[in-house]
Amino acid sequence: MKKLLLVLFALIFSACLNANDKVYKIGISPDYPPFDMLVDGKITGFDAELFDNLAKIAGIKYEFKAMSFDGLIAGLKAGKIDAIISAMSASEQRKKACDFSDVYYKAKTIYLKHKDSDIATKDDIKGKKVGVQLGTVQEVAVKNAGALVQPNENPVVLVMALNDKKLQALAFDALVAREYLAKYPDLAEFYSEDDGTEGFSIAFSKNENVELREKLNKALEEFMKTSEYEALLKKYNIN
């Protein structure tokens, strides 16, 4: 009897060790800078650094597995990866196949004007010609604000029109807006807001890895209260 108990104890102890030694495979598509990218062959970016911080807080081991973005959820369902962190929003369509963590980043819309313009607030674009990329959430936001929407597929065309004062303002995704702010010194930001989408979350297979999701949610809650989270946003110019 004593020998049997020792064997059972050894088995339980071994199982605990194996659980602690598990290395989670985290899917990421490193082609969306500054969130996900390859630098000198190494996966880096906001998502990679964020997950590293979360893993340390949660006390888990992990390794990234680079995949194409459209193959991530298929990889999750096939068991090739345990979770996804790759600037992925929890859309209603994706929720049918995945569970998601709490949101770790909310995308923003930035409004631009010519530096000579007297536009100061979002209310000021009512009745004005405002350029947006065709089919984006900004098109809806500008229309709801009462502006005369000027959609175009090519953001460069819109930027040139604003630069030449043929448009009164632009509304772009923040990443796109910052890119053109850096290139065109006559443009200026005058307003920003959440873009109204779901925001980015970590994805898990439906009804699986519940313990991992709970650990990462707790780590997210803790990390997003710290100055390190703000510093990470600033590092990648997405704050």
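## The largest pocket

The largest pocket has 25 lining residues, and Tyr32, Ala107, Asp173, Asp195 and Phe200 are the ones nearest its centre. Helix H5 (137-144), strand E10 (169-173) and helix H7 (174-183) each give two or more residues to this lining. By type, the lining has 14 nonpolar, six polar and five charged residues. Here a pocket is an open set of points on a 1 Å grid over the protein atoms alone, with protein on both sides within 12 Å along at least five of seven lines, and lining residues have an atom within 4 Å of a point.

## About the model

This is a predicted model, in which local features need pLDDT of at least 70 and side-chain atom pairs count only at pLDDT 80 or more, while totals for chains, interfaces and linings use all residues. Residues are numbered from 1 along each chain as its sequence is written, and side-chain values use heavy atoms, with hydrogens and water left out.

## Salt bridges

There are 12 salt bridges in the structure, each being a side-chain nitrogen of Lys or Arg within 4 Å of a carboxyl oxygen of Asp or Glu. One of them pairs Lys56 with Asp52, with 3.1 Å between the closest N and O atoms. Both residues sit in helix H2 (residues 46-58), four residues apart, about one turn of the helix.

Asp99 pairs with Lys206 at 3.4 Å between the closest N and O atoms, and with Arg213 at 3.8 Å, N to O. Through shared partners, Asp99, Lys206 and Arg213 form one network.

Note on methods
1 Å grid on protein atoms, 1.4 Å probe; cavity = no way out; pocket = protein on both sides within 12 Å on 5 of 7 lines; lining within 4 Å. Nonpolar A, V, L, I, M, F, W, Y, C, P; charged D, E, K, R; others polar.
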